[in-house]
Amino acid sequence: MEGAQAALPRVGKLARQDVPRCSLSERIGDVRNRVRAAGWDICVVVNEEQVVLGLLRERELAADPSTTAEQVMRSGPATYRPDALAADSVERMEKRGVGGVLVTRSDGRLIGWLRREDAARAASESRPAS
């Protein structure tokens, strides 16, 4: 990156790479236990190449334990590219009323989960003092 915006924080650097992942065929009961034990309330459904296929939030994780991720996942979740500005992502998340978003490469491979508060903090810290 060059120019005036080169030093501004980007979502790819802020995304949490430890976000839980699961496959289409995993049972919700198993996924839910693993996700909660890790302290999360979401799980990203990915294929073998780590391409994002869907997202499981609280409602989906509360489904019948015998159902599979594929049966209940939210398909086609919104994603951000790693070079997006943190400040821009905060504004969009606030408008949509969400606490976080997925960050993926252009080929759909998962980079991580961007929490709104992490992006807001980074954007705030990068503003020049007045």
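The model is predicted. Its open sheet has 4 strands in the order β1-β2-β3-β4, with mixed pairing. Strand β6 (residues 100–104) is largely enclosed by the rest of the structure. The largest pocket has a volume of about 170 Å³.

**The four-stranded sheet**

- Pairing in this open sheet is mixed, and the strand order is β1-β2-β3-β4.
- β1 (21–22) and β4 (74–75) stand at the edges. Each has a single partner strand, so one side of each lacks a neighbour in the sheet.
- β2 and β3 are joined in the antiparallel sense by 4 bridges.
- Within that pairing, Val 45 has Gly 54 of β3 as its bridge partner.

**The loop between β2 and β3**

- Gln 50 sits in the loop that links β2 (43–46) to β3 (52–56).
- The phi angle of Gln 50 is near 70°. That is a positive value in a residue other than glycine.
- Is Gln 50 buried or partly exposed? Its relative accessible area is 28%, so Gln 50 counts as partly exposed, since buried means under 20% and exposed over 50%.

- Why is β6 described as largely enclosed? The reason is that 5 of its 5 residues are buried.
- Gly 100, Leu 102 and Thr 104 point one way from β6. Val 101 and Val 103 point the other way. Residues on both faces are buried.
- On the β5 side, strand β5 (residues 79–80) runs parallel to β6, and 2 bridges join them. Here Thr 79 stands opposite Leu 102.
- β5, helix α5 (residues 86–96) and β6 form a β-α-β unit, and the unit is right-handed.
- On the β7 side, β6 pairs with strand β7 (residues 110–115) in the antiparallel sense, over 5 bridges.
- Two residue pairs place this contact in the sequence. Val 101 stands opposite Leu 114, and Gly 100 has Arg 115 as its bridge partner.
- β7 is mostly covered too, with 5 of its 6 residues buried.
- The β6 and β7 hairpin has 5 residues between the strands. Gly 108 in this hairpin takes a positive phi near 90°.

**The nonpolar core**

- The largest nonpolar core holds 21 residues.
- Which residues touch the most other members? They are Val 19, Cys 22, Val 31, Val 44, Leu 56, Leu 110 and Trp 113.
- Two or more residues of this core come from each of α2 (28–37), β2, β3 and β7.
- β2 gives the most, with 4 residues.

**The largest pocket**

- The lining consists of Arg 16, Ala 38, Gly 39, Trp 40, Asp 41, Ile 42, Arg 57, Glu 58, Trp 113 and Arg 115.
- By class, the lining has 4 nonpolar, 1 polar and 5 charged residues.
- Trp 113 lines this pocket and is also one of the residues that touch the most other members of the core.
- Arg 115 lines the pocket and is the bridge partner of Gly 100.

Terms used
Residues numbered from 1 in each chain as written. Predicted model: local features only at pLDDT ≥ 70, side-chain atom pairs only at ≥ 80, totals over all residues. Heavy atoms only, no water. 1 Å grid on protein atoms, 1.4 Å probe; cavity = no way out; pocket = protein on both sides within 12 Å on 5 of 7 lines; lining within 4 Å. Points joined across faces, edges and corners; volume = space filled by probe spheres on them. Nonpolar A, V, L, I, M, F, W, Y, C, P; charged D, E, K, R; others polar. Buried < 20%, exposed > 50% of the residue type's maximum accessible area, 1.4 Å probe, protein only. Pairing = 2+ DSSP bridges. Right-handed = clockwise from strand over helix to strand, strands pointing away. Core = buried A, V, L, I, M, F, W, Y, C linked by side-chain atoms within 4.5 Å.
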